[in-house]
Amino acid sequence: MIVTLANQFIPLLKDAAGIAGNIFAFGLFLSPIPTFRRIIRNRATEQFSGLPYIYALLNCLITMWYGTPLISINNISVLTVNSMGAAFQLVYVTLYIAYAEKERKVRLFGLILAVLVIFAIVVVGSLHIADTFLRRIIVGTLSSAALISMFASPLFVINLVIRTQSVEFMPFYLSLSTFLMSTSFFVYGILNMDVFVYVPNGMGTVLGIVQLVLYFYYKGSSREESRAPLIVSYS
């Protein structure tokens with residue numbers, strides 16, 4: 001009886017966690033909007049870097065591929081959140097290129113081409129692997145590595161907060177959204193028994209907790225709200 005009820009509720013809980021993760025991720029995808037409002041208003045990219053959006057695009061594309069039925073089953077939430085993320089990053093990269101100096105335009109075009117080539121190699125290469133289990137292991141490992149590296153990016157901000165004792169460059173809502181999204185996909189991965197989802201998002205959850213703790217500890221020392229939200233990973 002208990003086992004039957006568990007088997008009925010686990011898929012529902014998994015879907016709920018996946019939907020919640022998509023919702024919280026949407027907030028993360030919107031976080032660069034103030035930066036691009038400033039770029040559009042000033043018609044210049046100033047000192048803002050386009051690299052985070054390029055790297056986020058590659059991350060989303062690889063993890064999106066992992067979420068497709070050709071690689072893993074029952075991972076529709078991973079597919080949808082990263083498809084949405086890839087679309088947002090393409091828009092941001094396009095806007096950045098539109099207002100960048102000529103030298104930056106050329107460099108960004110080259111990086112976009114490199115991203116597309118790498119993604120094509122991953123897709124074509126994985127499809128040539130007849131063993132579906134091995135295919136999932138390889139693409140899942142690449143996806144996890146990309147996610148872990150993205151989740152590790154806030155370590156720089158954490159170090160900056162501790163050094164300056166200010167949360168100026170660590171917006172509260174961005175940190176909260178990161179924590180909630182990571183936690184949602186951590187639960188989703190556990191319920192789906194997918195190590196390639198719950199391991200990187202488990203690490204993201206821990207880093208999210210650290211960011212929130214630091215925010216409340218140092219918020220009295222903050223001089224002002226962050227003016228340029230940082231890009232964080234999605235899962």
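Reader: Hey, Tyr-215, buried or exposed?
Author: Tyr-215 is buried, since its relative accessible area is 13%. Buried means under 20% relative accessible area, exposed means over 50%, and partly exposed is in between, using a 1.4 Å probe and protein chains only.

Reader: Ok, and what kind of model is this?
Author: This is a predicted model, where local features need pLDDT of at least 70, side-chain atom pairs count only at pLDDT 80 or more, and totals for chains, interfaces and linings use all residues. Residues are numbered from 1 along each chain as its sequence is written, and side-chain values use heavy atoms, with hydrogens and water left out.

Reader: Back to Tyr-215, which ring does it pair with?
Author: Tyr-215 pairs with Phe-172: the ring centres are 5.1 Å apart and the planes sit at 40°, so the pair is tilted. For rings of Phe, Tyr and Trp (its six-membered ring), a pair needs centres within 6.5 Å; planes under 30 degrees apart are stacked, over 60 edge-to-face, and the rest tilted.

Reader: Where do those two sit in the chain?
Author: Phe-172 is in helix α8 (residues 172–191) and Tyr-215 is in helix α9, 43 residues apart, so the pair links distant parts of the chain. Phe-172 is buried too, at 19% relative accessible area.

Reader: How many aromatic pairs are there?
Author: The count is 13 aromatic pairs. There's also an aromatic cluster made of Phe-26, Phe-29, Phe-36, Tyr-53, Phe-88 and Tyr-92.

Reader: New topic: how many helices and strands does the protein have?
Author: Nine helices and zero strands. Helices (H or I, at least four residues) and strands (E, at least two) are DSSP runs, numbered from the N terminus.

Reader: How do α6 and α9 pack?
Author: Helix α6 (residues 132–152) and helix α9 (residues 195–218) pack at an angle of about 5°, with axes 8 Å apart. The axes are lines fitted to C-alpha atoms, for helices over the stretch in contact, and angles run from 0 to 180 degrees between N-to-C directions. α6 and α9 are therefore roughly parallel. Under 35 degrees is roughly parallel, over 145 roughly antiparallel, 65 to 115 roughly perpendicular, and the rest oblique.

Reader: And what about Met-193, where is that?
Author: Met-193 lies in the loop between α8 and α9. Met-193 has a positive phi of about 55° although it isn't a glycine, and it is exposed, with a relative accessible area of 72%.
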